[in-house]
Amino acid sequence: MSPVGRPLRPRGKLLQEDARRHHRSLLLQQLFREGPASRADLARTTGLTRVTVSDLVGELVADGLVEELGAPATARVGKPPTLVGLAPDATHIVALDLSADDRMSGAVVNLAGEVRARHQLEIGEARGDDAVALVHRLATELIAMTDRPVLGVGVGSPGVVDAAGTVVDAPNFAWSDTPLATSLATALGVPVFVANDANTAVLGEHTFGQTGDGGLMVLRVGIGVGAGLVLEGSLLHGHLAAAGEVGHVTVEPGGDVCACGRRGCLETILAAPRLRRRLAEPGADREAVLTEVGERLGATLAPVVGTLNIQELVLSGPTELLDGPLREAADRVIRERTMPVSSAGLAVRTSTLGDDVVLFGAAVLVLSGELGVS
């Protein structure tokens, strides 16, 4: 794929000593988002001086991140400008998706968002330290699948994940205060970025998907259920990094026991393993079951839509479960339970990136953390 990158709005105040890194990021982000450009075009679009742009482009070429592409094909009076662009395979990214209920999957991705290799491992009964060891194995085997330098490893993990990449709580893997980023970085010798899988998915959809300019919510359904939100160009983290944990909102008091220890959470009816088991029960009416779960989901999300006035609700996970009666029922109930002005422009859809949405989001974690591109 050849993505058109969509940047997240910068957060925090730029310090003077970070100016050069910031200016490099501006150029890389422009090339990532718009494609090849001349030095003069880069100066105009970024607001930097031509001298600064020329100096930084020379540095980026020397680093191998940017390459000279020659003059454009279109004729122009006078000396044609020389275009520069990202060198997509100068370095590779290893992206991991831990959100599925039966496997951990990963990919080697280049700077243009193109997948160069794929690999996956079955989860089986792995929990706790065994699950951590499986993540290490997957990352190690993926690194061995590329002959290019690895810019970093990005990981989308279930559960609450703090800014340092520690999984504070992931009941489905029996992880509590698990320093996943630190352990991987120590073992692999490359930068590692770990984030909640739903937050990672929304980054992937925002950067590589076909999204609009309004609020975006991605509901990730896999081994668990969670949501990621981008509002006015910024990822919503929330207090203690727990924004989007809709999977643990009670929808059925006294219902089944959830992995978190409580009963009747949304996750107990919507998480992929739970929903598949219910559909496999003798005499189960598939359409009726999916419609009922979709209605519960719609009732849960209607207050969120009404409060935040989001433009797009993207369902990410097994399409055979989510696309059809479940999505249609959720869409209908949200509209029934919110003011027309809140839901008039709302689009409820599945991800344009399919099963790769978390993988691409994991790549964005690295692009943002190492190059300032997102």
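## Terms and model

Contact means that heavy atoms lie within 4.5 Å. Axes are lines fitted to C-alpha atoms, for helices over the stretch in contact, and angles run from 0 to 180 degrees between N-to-C directions. Helices (H or I, at least four residues) and strands (E, at least two) are DSSP runs, numbered from the N terminus.

This is a predicted model, in which local features need pLDDT of at least 70 and side-chain atom pairs count only at pLDDT 80 or more, while totals for chains, interfaces and linings use all residues. Residues are numbered from 1 along each chain as its sequence is written, and side-chain values use heavy atoms, with hydrogens and water left out.

## Helix H1

Helix H1 covers residues 19-34, which is 16 residues. From its first C-alpha to its last, H1 reaches 22 Å, close to the 22 Å expected at 1.5 Å a residue; the expected span is 1.5 Å times one less than the number of residues. Just after H1, Gly-35 takes a positive phi of about 90 degrees.

Several residues of H1 are buried, including Ala-19, Arg-24, Leu-28 and Phe-32. Buried means under 20% relative accessible area, exposed over 50%, and partly exposed in between (1.4 Å probe, protein chains only).

Strands of a sheet pair through backbone hydrogen bonds, either parallel or antiparallel. Here, two strands pair if DSSP finds at least two bridges between them.

Strand E5 (residues 103-110) runs antiparallel to E6, and seven bridges join the two. Gly-106 stands opposite His-119 in E6.

## Two hairpins

Strands E8 (residues 160-161) and E9 (residues 167-170) run antiparallel and are joined by two bridges. Val-160 has Asp-169 in E9 as its bridge partner. Five residues separate the strands of this hairpin, and Gly-165 in the turn has a positive phi of about 85 degrees.

E9 is also joined to strand E10 (residues 175-178), by three bridges and again antiparallel. Ala-170 is partnered by Trp-175 in E10. This hairpin has four residues between its strands, and Ala-174 takes a positive phi near 55 degrees.

## The sheet from E14 to E16

Another open sheet of five strands has the order E14-E13-E12-E15-E16, with mixed pairing. Strands E14 (234-235) and E16 (347-350) are its edges, each pairing on one side only. E12 (residues 216-221) and E15 (residues 312-316) pair in the parallel sense over five bridges. In E15, Val-314 is the bridge partner of Val-218.

Helix H6 lies across E12, E13 (225-231), E14, E15 and E16, running at about 45 degrees to E13. Helix H11 (residues 325-336) lies across E15 and E16, at about 165 degrees to E16.

## Cysteines

A disulfide is a pair of cysteine sulfur atoms within 2.5 Å, and the structure holds zero disulfides. Cys-258 counts as buried at 5% relative accessibility.

For Cys-265 the closest cysteine sulfur is in Cys-260, at 3.8 Å, which is too far for a bond. Cys-265 is buried, with a relative accessible area of 0%.
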